Amino acid sequence: MKKFLLVANWKLNGSKKMISDYLSSLKSLASVYSKKNIIVIAPPTIYLSQVYKDINNIDIFLGAQNVDINLKGAFTGETSVLMLKDIGVKYVIVGHSERRLFHNETNNIIIKKFNLIKNLNLIPILCIGEIQNNNYSQTKKIIEEQLNCIFKVLGKEAFRNTVIAYEPIWAIGTGLSADPKHVQYIHKFIRNYIQEYDPISIKSTIIQYGGSINSVNTEEFIQQPDIDGLLIGSASLDAKEFLKIIEIANYYT
Ligand code: PEP
């Protein structure tokens, strides 16, 4: 039976108080839901340890929103994947459009991060997607380019044990989620594309959708056969809303 991967990306939000309130409301139910689905919380780096302490006994996993391309050394202000691993992080978001846009992250940087995360046996969540609401063929072309640049450097097994988050940029934080049928079509395309390179890797590649997901639209997405999970931004900041999303996914698991 399919397990959905539900990732809460808190972005630059949260405080010690918010986290303790949030996790106490999540705790009561999450221990039941996390048996069916995989739940990940990705708080800002500074709060990773606080979240880890609280989620450890309720089977929720810890995610990081970013990582440096270096493992250690004179790189002031950065966080290494070794450190993330050391404090209990399991998933790391890489190539999020906000990092590409506001921090000038290029494909070369993203490939390095993706590779480091994999080498240390953490799970990268690679964000890909088009900038504008395009037709299918343009979107497919953009996705192909984004996947190819990883394949070219890391080889055909690049996507084994990884997560791909299809996040149309125009749908992120805008309240304009993509059409679930469009997402299904693109996810199938991604799956087939990876499968052509390596039939084995696709079995361990999770393809999730992100872009203005909330408790009202979750159901339509979760019912699509090629949507394996959701990456949730603003709606995940409200524990009740996140729980509702988990509850809906739980119903379809
Ligand atoms: C995201 O940041 O990855 C995201 C999907 O955000 P939102 O849910 O707010 O659109």
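## Exercises on a predicted model

In this predicted model, a polar side-chain atom of H96 lies 2.9 Å from an oxygen atom of the ligand.

**Exercise 1. Find which residues surround the ligand, and how much of the ligand the protein covers.**

Step 1. H96 uses a polar side-chain atom, at 2.9 Å. S212 uses a backbone N or O atom, at 2.8 Å. S234 uses a side-chain N or O atom, also at 2.8 Å.

Step 2. Turn to the cover. On its own, the ligand has 300 Å² of accessible area, and the protein covers 99% of it.

Step 3. Count the shell. The ligand is surrounded by 14 residues, and the closest are K11, E167, G173, S212 and S234.

Step 4. Sort the shell by type. Four residues are nonpolar, eight are polar and two are charged.

**Exercise 2. Classify the ring pair of Y136 and Y185 as stacked, edge-to-face or tilted.**

Step 1. Recall what is needed. A pair of aromatic rings is described by the distance of the centres and the angle of the planes.

Step 2. Check the distance. Ring centres must lie within 6.5 Å to pair. For Y136 and Y185 they are 4.2 Å apart. The model holds 11 aromatic pairs by this rule.

Step 3. Check the angle. Under 30 degrees counts as stacked and over 60 as edge-to-face. The planes of Y136 and Y185 stand at 40 degrees, so the pair is tilted.

Step 4. Y136 belongs to helix α6 (residues 136-154), and Y185 to helix α7 (residues 180-197). The pair therefore ties together parts that are 49 residues apart in sequence.

Step 5. Y136 is partly exposed, at 36% relative accessible area. Y185 is partly exposed too, at 35%.

**Exercise 3. Locate N104 and N161, and decide for each: buried or exposed?**

Step 1. Take N104. Its phi is near 50 degrees, a positive value in a residue other than glycine. N104 lies in the loop between α4 (97-102) and α5 (107-119). Its relative accessible area is 59%, so N104 is exposed.

Step 2. Take N161. Its phi, near 55 degrees, is positive as well. N161 sits in the loop between α6 and β6 (162-166). At 51% relative accessibility, N161 counts as exposed.

How values were computed. Residues are numbered from 1 along each chain as its sequence is written. This is a predicted model: local features need pLDDT of at least 70, side-chain atom pairs count only at pLDDT 80 or more; totals for chains, interfaces and linings use all residues. Side-chain values use heavy atoms; hydrogens and water are left out. Rings of Phe, Tyr and Trp (its six-membered ring) pair if their centres lie within 6.5 Å; planes under 30 degrees apart count as stacked, over 60 as edge-to-face and the rest as tilted. Helices (H or I, at least four residues) and strands (E, at least two) are DSSP runs, numbered from the N terminus. Buried means under 20% relative accessible area, exposed over 50%, partly exposed in between (1.4 Å probe, protein chains only). A residue is near a molecule or strand if one of its heavy atoms lies within 4 Å of it. A polar contact is a pair of N or O atoms within 3.5 Å; within protein, one must be able to donate a hydrogen and the other to accept it, and residues adjacent in sequence count only if both atoms are side-chain atoms. Accessible areas come from the Shrake-Rupley method with a 1.4 Å probe; for residues, only the protein chains shown count as cover. Ala, Val, Leu, Ile, Met, Phe, Trp, Tyr, Cys and Pro count as nonpolar, Asp, Glu, Lys and Arg as charged, and the others, Gly among them, as polar.
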